[in-house]
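Colleague: I would like to go through the labels in this model. Please set each value against its cut-off.

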Amino acid sequence: MTQLEIIQKLKILKITCDIDNQYIADYLGMKNARSVANFLHNDYKLSDEKRRKAEELISDLWIGM
């Protein structure tokens, strides 16, 4: 999954699953909710480890929709 696909899907999940940036930050092991906001605005790229965690989060939540 590309970074843009991850961003798009996380934005959709934030709305449909009522999750916030802090939830995503905790799941991915990011510093805080602001880091997630910066990522969602495509200000920086995720490391390989965080990308795998993001894909896992998307997979887990997408199935529940």
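Modeller: Start with contact: heavy atoms within 4.5 Å. Helices are DSSP runs of H or I with at least four residues, numbered from the N terminus. What covers the buried residues of α1 includes α2 (21–28), α3 (33–40) and α4 (48–63). This is a predicted model: local features need pLDDT of at least 70, side-chain atom pairs count only at pLDDT 80 or more, and totals for chains, interfaces and linings use all residues. Residues are numbered from 1 along each chain as its sequence is written, and side-chain values use heavy atoms, with hydrogens and water left out.

Colleague: Which residues of α1 are buried?

Modeller: Gln3, Ile6, Ile7, Leu10 and Leu13. Buried means under 20% relative accessible area, exposed over 50%, and partly exposed in between (1.4 Å probe, protein chains only).

Colleague: What puts them on the same side of α1?

Modeller: Their arc around the axis is only 130°, so they share one side of α1. That arc is taken from the directions from the helix axis to the C-beta atoms. Leu4, Gln8 and Ile15 are exposed on the other side.

Colleague: How does the reach of α1 compare with the span expected?

Modeller: The helix, residues 3–16, has 14 residues. The expected span is 1.5 Å times one less than the number of residues. From first C-alpha to last, α1 reaches 20 Å, close to the 20 Å expected. Asp18 follows α1, with a positive phi near 55°.

Colleague: Why is Ser35 called buried?

Modeller: Its relative accessible area is 16%, so Ser35 falls under the 20% limit. Ser35 is in helix α3. Leaving out residues up to four places away in sequence, Ser35 touches Met30 and Tyr44.

Colleague: And what makes Ala37 buried?

Modeller: Ala37, also placed in α3, has a relative accessible area of 11%, so the label is buried.

Colleague: How many aromatic pairs are there?

Modeller: The count is one aromatic pair. Phe39 and Tyr44 form it: 6.4 Å centre to centre, 55° between the planes. Rings of Phe, Tyr and Trp (its six-membered ring) pair if their centres lie within 6.5 Å; planes under 30 degrees apart are stacked, over 60 edge-to-face, the rest tilted. Therefore this pair is tilted.

Conventions:
Helices (H or I, at least four residues) and strands (E, at least two) are DSSP runs, numbered from the N terminus.
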